[in-house]
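Please have the sequence and the structure open beside you.

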Amino acid sequence: MLSSFFIYLLPILLHRATRTHAFPFRAGTCMSGENAIAIASQGSHGTLGSGAFEDAGIFVEIDQVQAIEGVKRELDISQPFSLTVRSVLFDFKGFLVRLSATDDDGNELDVSGSLVDVSANKEAAYAQLLPSDGELDGPASSCAANVAGMCHTNNDLKEIMEATFVGYPSAANLKLEITIVQNNQGGGSNEWYYSSFDFEVIDPTRVHADDNSTDYNNTGSNTTDYNGTDYNGTNTDHNSTDHNSTDGNTTYDNTT
């Protein structure tokens, strides 16, 4: 009798385990979009989030400068950047950081190795990098091949999350998506927040090269047109016999 009950109960438990995606040790998805967590969990996290970060007192900083949603910021390709996510109104339990990139034509670029987990240097590591083995939901979640992802390792309360950006391609448009899960309210509804931030990767050496090109500082501006024989030299256009010769100044000049 008891064994029959467990045989009946087992499929239900397996279905719930597959469906919930509410893992205290890992984000159950690396999908893109503000409702990714709802879609991947099939509604167990609630169908809608609680809003954007600005609604919840969550701040995202790049090298200690606040990132603003909807305002694109430039990043220098030659140096790494620190990422800090800080919650000032409440502690949170889970998070997902997703980093993707495209070129100016919309083609995907590979940034799968561009996130570094710095929590490993802390007393208690609270973060882990997700593999980029192809998009997969569930307890063994994975990001798409060209995407970098990072998430929590436990559901302990946290007030800050840190990482580092490194090794991104030049002329890339980066998209940083972050989901913060505050709490599991029960009854198939969680409190979670989502915001995304856009960045443009620039190569300062290339920018300076463009500014110092021949159009401005080389032959384009400092050729003989300005400092050569045309103005300061002795060629016939300005200082030759055309102006001081017998043709125009015979009566007044001492030319021959």
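## A strand and its surroundings

A residue counts as buried when its relative accessible area is under 20%. Keep in mind that this is a predicted model. By that cut-off, four of the five residues of strand β1 (residues 58–62) are buried, so β1 is largely enclosed by the rest of the structure.

## The partners of β1

Which strands pair with β1? One is strand β4 (residues 81–87), joined to β1 in the antiparallel sense over five bridges. Here you can find V60 opposite V85 of β4.

The other is strand β2 (residues 65–66), which runs antiparallel to β1 and is joined to it by two bridges. In this pairing, I62 stands opposite V65 of β2. The hairpin of β1 and β2 has two residues between the strands, and D63 takes a positive phi near 50° there.

## The cysteines

The structure holds one disulfide. It is formed by C30 and C143, with their sulfur atoms 2.0 Å apart. The link of C30 and C143 is right-handed, with 85° about the S-S bond. C30 lies in the loop between α1 (2–20) and α2 (36–40), while C143 lies in the loop between β8 (127–130) and β9 (148–152), so the pair ties together parts that are 113 residues apart in sequence.

Are these two cysteines buried or exposed? C30 is buried at a relative accessible area of 1%, and C143 is buried at 0%. C151, by contrast, is in no disulfide, and the nearest cysteine sulfur, that of C143, is 8.4 Å away. C151 also counts as buried, at 0% relative accessibility.

Note on methods
Residues are numbered from 1 along each chain as its sequence is written. This is a predicted model: local features need pLDDT of at least 70, side-chain atom pairs count only at pLDDT 80 or more; totals for chains, interfaces and linings use all residues. Side-chain values use heavy atoms; hydrogens and water are left out. Buried means under 20% relative accessible area, exposed over 50%, partly exposed in between (1.4 Å probe, protein chains only). Two strands pair if DSSP finds at least two bridges between them. A disulfide is a pair of cysteine sulfur atoms within 2.5 Å.
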